[in-house]
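Biologist: Please take a close look at one part of this model, the ligand site and the metal beside it. I would like one connected account, with the cut-offs stated.

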Amino acid sequence: MDINEKEKKLLAVKEAYKKKEIRPYYQPQYDAVTNKIISAEALTRWIKADGTMVLPVDYIPFLEESNAILELDWYMLDAVCDMLKRQREQRIPSVPIAVNFSRRHILEGGFVELLCETVNRYGISHRLIKVELTESTFIDNTDEVERFANSVREAGFSISIDDFGSGLSSLSLVKDISIDELKLDRALLSRNCEDEKERIVLESILTFAHRLKLVTVAEGVETSEQLGFLRTCGCKVIQGYLFAKPMPEQEFWQLCLKETQDAEIEDILKIQAVSSAHQLLIDAIFMRYPLVIFSNLTRNSYYMMTYENFSATSCAGSGVFEELIQSGSMTMHPEDQERFRTTFSIENQLAAYARGEKVISLITKQLGDDGIYRRVETSNYFVKHPSVDDVLVISLCHNLD
Ligand code: C2E
Ligand code: CA
Ligand code: CA
């Protein structure tokens, strides 16, 4: 495209803003468990006077070449806030709306100020706006992105990373930057979740995201096979043609009205996916047992999960089992140390397992952070993994006092 042509195209876009030919369409996002609309993504559409529709692919890449994309994004945010305001006036139930922002905004000074100014002008609660940035935003300038993300979240907006898994970003990057939501790239679902490798990748990303307490969104879900698999992995939110295509405001409002009125309150315990049931179970276990240790006696190794600082001397999260018993015994009252070491020695536990015992329990006095000894019960349960012969133990520990 030569310069003149670009100028012309840019002028045409600016004219379209004025005539309100460019406007948001809304694609609902559904709770994977309850099937209710819980949010939506605003996607730009250019509808010309003669009714023809221009899709983003025909103008976004062009606008992305320069800072002209910034203007589109701010225009879209304005239009979304205007919609939310009118929706509230009509007493139609509203849900948070994700607005796409180009990575160029990171370099634009005063992003948060303009974001707040626009949203406040319409009197919209900040929790109703999700700032959606594509994964590529996060690849370089980590410090800058971190500051950007923090300031957006401190102002009460949530951040979603779009197209996750499409590029080169590493999972570890996500742990360093504070965000709220991860949207899986559509390409990750390209094989309809029938391919073993695809399933492993999806499952790993979802497990990782859930451990970081991120909301997970699958985009471009078109088939019930994809939906089924995503549910078993505990994916939280579903967006895609299977449920709904991007739609104009009026249609979206109808859906907001209908879905909230019609939605039957189903028993969450009956319809949830197995993995989310497991997550609830784990939450309950941690309420009762703040320290859980998985050990492999055959391989002299362990892996620890704790949601509280359970003892005054903290042990490594994973490592050699015998060292754990040694360092664990040092947090006990001197009278109990030897008994603890003997009871939980590998030798003694393997013998108990060989005798067919299911559990070994011991009560000891353990020193807390505050210098006070409290009685602690440790129960070691022998468990069997279906595909390995190793002797595995799950230890559940809790305070009795
Ligand atoms: P995106 O942000 O990844 O948006 C998702 C795209 O996937 C949308 O395309 C949506 O219509 C499409 N989609 C959703 N569900 C399905 C499905 O089940 N199957 C298939 N095949 N497609 C599905 P759309 O609306 O054409 O937007 C394309 C891209 O344009 C967006 O990709 C986004 O990167 C960009 N874009 C759209 N609106 C804006 C905006 O306001 N600002 C900026 N900076 N970019 C925008
Ligand atoms: Ca998006
Ligand atoms: Ca996307």
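Modeller: In this predicted model, the side chain of glutamate 41 has an N or O atom 3.2 Å from an oxygen atom of ligand 1, a polar contact in the sense of two N or O atoms within 3.5 Å (within protein, one must be able to donate a hydrogen and the other to accept it, and residues adjacent in sequence count only if both atoms are side-chain atoms). A polar backbone atom of threonine 44 lies 3.2 Å from a nitrogen atom of ligand 1. Asparagine 100 contributes a side-chain N or O atom, 3.3 Å from an oxygen atom of ligand 1. Taken alone, ligand 1 exposes 800 Å², of which the protein buries 83%; accessible areas follow the Shrake-Rupley method with a 1.4 Å probe, and for residues only the protein chains shown count as cover. Ligand 1 is surrounded by 22 residues, and the closest are Arg45, Asp73, Asp162, Glu222 and Tyr241; a residue is included if one of its heavy atoms lies within 4 Å.

Donors are N, O and S atoms within 2.8 Å of the metal, or 3.2 Å for Na, K and Ca; water is not among the atoms, so sites may look incomplete. Aspartate 162 coordinates both the calcium ion (ligand 2) and the calcium ion (ligand 3), which are 4.2 Å apart.

Asparagine 100 is partly exposed, at 26% relative accessibility, whereas glutamate 132 is buried, at 1%. Buried means under 20% relative accessible area, exposed over 50%, and partly exposed in between (1.4 Å probe, protein chains only).

Residues are numbered from 1 along each chain as its sequence is written, with chains lettered from A and ligands numbered from 1 in the order in which they are written. For this predicted model, local features need pLDDT of at least 70, side-chain atom pairs count only at pLDDT 80 or more, and totals for chains, interfaces and linings use all residues, while side-chain values use heavy atoms, leaving out hydrogens and water.
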